[in-house]
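Subject: Handover of a structure and summary of findings

Dear colleague,

Please find below the structure that I am handing over to you.

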Amino acid sequence: MKDYLIDTHAHIDMLEDEPDSVLKKMEEFGVKKAVIPAVEIKTQDKVVELANNYENIYGMVGIFPTEAKNYTDEFESKMEEIAKNNKKIVAVGEIGLDYYWDKSFVELQQEIFIKQIKLANRLNLPIVVHDREAHKDCFDILKAENSGSEVLFHCFSGSVEFMRECVKQGWYIALGGVVTFKNAIKMKDVAREVPLDKLVLETDSPYLTPVPYRGKPNTPAYVKYVAEEIAKIREMDLSELIDKTTTNAERFFGI
């Protein structure tokens, strides 16, 4: 059995603490590996650098949906070159749609989402999806445009019904600190119902810090509290939940 945790989504490049300190705390909390998503063009190199410099840190290429206006063919070529030549780059993400902040360029978001899906397909890498208030469009685009890449919905925020539709497609569900919030009834229901073989854990640090540290900066070590809460919700042994979710994460990312 796997006796260590993996944080599948941690913005280590955004943390105030130095990477050595972050990794030390991870080790103390039983968290062995972390994956850094890419968000902006200007921070892509930092993600790659961290993945290269630390054995148990992995990275992604891609840009966040609200950065779609900055996407260029030149940057796409750069991402493709990086991923082709670096085994520490294990996914394309976080990519997708975000209708929460700004709906003025939805069509452009969709266009860039599709371009990055195709990039993942060419690279034979999995896709990590950012989906905020865009469930149907994310689902429809992935179903129509994705050809062969595994899919993971990061920081899943949909209903149990939407989760079931995603799982029917073979896609994975990632849950983070929100599941520990007292009023997060919908996420607790998803945590209870999601098939164990499609569940992975994350922090999205430095955001969405779980109880008991809610309101303070998040860190990959705190994925332990996500695991504990989900095991409690599912009324199952914590060690079994850790084994299953870690196995899923290693399978999905090939790590």
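In this message, contact means heavy atoms within 4.5 Å. On that basis, and leaving aside its neighbours within four places in sequence, Phe156 is in contact with Phe162, Met163, Cys166, Ile173, Ala174, Leu175, Met187 and Val190.

Please note that this is a predicted model, in which local features need pLDDT of at least 70 and side-chain atom pairs count only at pLDDT 80 or more, while totals for chains, interfaces and linings use all residues. Residues are numbered from 1 along each chain as its sequence is written, and side-chain values use heavy atoms, with hydrogens and water left out.

Overall form

The protein has nine helices and eight strands; these are DSSP runs numbered from the N terminus, with helices being H or I of at least four residues and strands E of at least two. The radius of gyration is 17 Å, close to the 18 Å that the globule rule gives for 255 residues, so the protein is as compact as a globular protein of that length. Here the radius is taken over C-alpha atoms, and the globule rule is 2.2 Å times the number of residues to the power 0.38. Along the principal axes, the C-alpha trace spans about 45 × 40 × 35 Å.

Among contacts with a separation of 6 or more, 72% come from residues 24 or more positions apart.

The sheet

Eight strands form an open sheet in the order β1-β2-β3-β4-β5-β6-β7-β8, with parallel pairing. Its edge strands, β1 (5-7) and β8 (199-201), each pair on one side only, and the twist averages 30° from one strand to the next. Two strands are taken to pair if DSSP finds at least two bridges between them.

Strand β3 is mostly covered, with five of its five residues buried. Three bridges join β3 to β2 in parallel, and Val35 has Tyr58 as its bridge partner in β3. On pairing with β4, β3 again runs in the parallel sense over three bridges; the partner of Gly59 in β4 is Ile89.

Further along the order, β6 (residues 151-153) and β7 (residues 172-175) pair in the parallel sense over two bridges, and Leu152 stands opposite Tyr172 in β7.

Helices against the sheet

Helix α6 (residues 160-168) lies across β5 (127-132), β6 and β7, running at about 135° to β7. Helix α9 (residues 238-253) lies across β1, β2 (31-36), β3 (57-61), β4 (89-98), β5, β6, β7 and β8, at about 95° to β8. For these angles, axes are lines fitted to C-alpha atoms, for helices over the stretch in contact, and angles run from 0 to 180 degrees between N-to-C directions.

In helix α7 (residues 185-193), the buried residues are Met187, Lys188, Val190 and Ala191. Seen down the axis of α7, they fall within an arc of 160°, so they line one face of the helix; the arc is that of the directions from the helix axis to the C-beta atoms. Their cover includes α6, β7 and α8 (223-234).

Nonpolar cores

A nonpolar core is a set of buried Ala, Val, Leu, Ile, Met, Phe, Trp, Tyr and Cys residues joined through side-chain atoms within 4.5 Å. The largest has 78 residues, and those with the most contacts inside it are Phe113, Phe153, Phe156, Ile173, Leu175 and Ile230. A second, separate core of 16 residues includes Tyr4, Tyr58, Ala91 and Phe252.

Two individual residues

His11 is placed in the loop between β1 and α1 (19-28) and counts as buried at 2% relative accessibility. Among its contacts, leaving aside neighbours within four places in sequence, are Ile36, Val39, Glu94 and Tyr207. The C-alpha atoms of His11 and Val39, 28 residues apart along the chain, are separated by 9.0 Å.

Gly96 lies in strand β4 and is also buried, at 3% relative accessibility. Leaving aside neighbours within four places in sequence, Gly96 is in contact with Pro65, Gln109, Phe113 and His130.

Key
Buried < 20%, exposed > 50% of the residue type's maximum accessible area, 1.4 Å probe, protein only.
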